[in-house]
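I set out to record what I looked up in this structure, entry by entry.

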Amino acid sequence: MTISHSSIVEKAADATARATPVSVARRVRGLSDRAIAWLFIAPAISLLLAINIFPLLWAVYLSFTNYRANRPNAPVQGVGLGNYQRVLNDPDIWQAMQTTAHFVFWTILLQTVIGFTLAYLIDRKFRGHAFWTTIILIPMMLSPAVVGNFWRFLYEPQIGLFAYAVSLVSGIPTSDIQMLGNVSLAPWAIIIVDTWMWTPYVMLICLAGLRSIPDYIYEAAEVDRASPWRQFWSITVPMALPFIMLAVLFRGIENFKMFDMVTLLTGGGPGSVTEVASITLKRAAFESWATGRASAFAIILFVAVFGLANIYVKALNKVKQR
């Protein structure tokens, strides 16, 4: 004898109803659908407030004080906008911001160009495209810790495969290829690793945009005798542009707070040439223990990212409405 799924659900509902106390049942029966909806999402909202909103408000409060986390019992005094003034007048912080902007610009540029190119090629659905798509996605699935240690080994001048490959092509001795120890090459070493790891992510978003373009548009263009080059610039790029901009937004926000990859590869060195804003923030908070000043720096970074992202989203919405 078979029991239908609906009968099982009905029996479970009846059992739950019988087990519900009468007082609770009367209260629930008197609630509106809106109240019941709020009853279900209230735990999630409470958790969100506890994990995200409260720490943000607490950081705002600390940014106006001289609080130090290594001296929790010391008297806390308000300093007004003093922490913000020190942060904005600190040349080291401005240097870290320039380094961060350098990373964000080049990683986004390379990942967007390479990712869209790969997506365009895979969208052609050549023989074996599914296999190559899986291979390309592997770096994105790895842990940043694994990727950082893996590339640190590859960059070793004596035994690393990267130095060997460059030496094979250029003829430069492997001992002279100091990717992580050279002031000029260290920033590019991190850019290469981040591009290798996250280009597949951009490729997936761009591929979704290309697959969303209806075939009849290309068929109509062929009827009008539009060349493939004309179809690419008049149909493919404009219709995939919102997806490209979305990928740029996601990667821009993530790369602006880049920390783990830089820490694993260079630790901010050599010197401070690869010290991005997140590393400067970490050193101010957990090495100098200037918790108030670090909180002010964190709030400035948050406002900067939030403001730029908000402007960018407005531009993205205009592109979608075209």
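I began with residues 294–313 of this predicted model. The span is 100% helix and 0% strand, and I found its end C-alpha atoms 28 Å apart.

I then looked up where this span comes from. The unreviewed UniProt entry lists residues 294–313 as a "transmembrane region", together with 36–61, 103–122, 129–151, 185–210 and 231–253.

Next I turned to residues 36–61. This span is also 100% helix and 0% strand, and its end C-alpha atoms lie 35 Å apart.

I compared helix α3, which covers residues 33–62. Its 30 residues reach 41 Å from the first C-alpha to the last, close to the 44 Å expected at 1.5 Å a residue. Where does a kink lie in α3? I located a kink of about 45° at I41, shortly before the proline P43.

I also noted the domain record. The unreviewed UniProt entry gives "ABC transmembrane type-1" for residues 97–312. Over these residues I read 75% helix and 0% strand, with the end C-alpha atoms 19 Å apart.

My last entry concerns a pair of packed helices. Two packed helices are described by the angle between their axes and the distance between the axes. Helix α5 (residues 91–123) packs against helix α9 (residues 186–211) at an angle of about 40°, and their axes are 6 Å apart. Because of that angle, α5 counts as oblique to α9. The crossing of α5 past α9 is right-handed. I sorted the residues of this contact by class: 19 are nonpolar, seven polar and three charged.

How values were computed. Residues are numbered from 1 along each chain as its sequence is written. This is a predicted model: local features need pLDDT of at least 70, side-chain atom pairs count only at pLDDT 80 or more; totals for chains, interfaces and linings use all residues. Side-chain values use heavy atoms; hydrogens and water are left out. UniProt positions are given in the numbering used here, feature names are shortened, and annotations may be inferred rather than shown by experiment. Helices (H or I, at least four residues) and strands (E, at least two) are DSSP runs, numbered from the N terminus. Axes are lines fitted to C-alpha atoms, for helices over the stretch in contact, and angles run from 0 to 180 degrees between N-to-C directions. Angles under 35 degrees count as roughly parallel, over 145 as roughly antiparallel, 65 to 115 as roughly perpendicular and the rest as oblique. A crossing is left-handed if the near helix is turned anticlockwise from the far one by less than a right angle, and right-handed if clockwise. Ala, Val, Leu, Ile, Met, Phe, Trp, Tyr, Cys and Pro count as nonpolar, Asp, Glu, Lys and Arg as charged, and the others, Gly among them, as polar. The expected span of a helix is 1.5 Å times one less than its number of residues. The bend at a residue is the angle between axes fitted to the seven residues ending there and the seven starting there.
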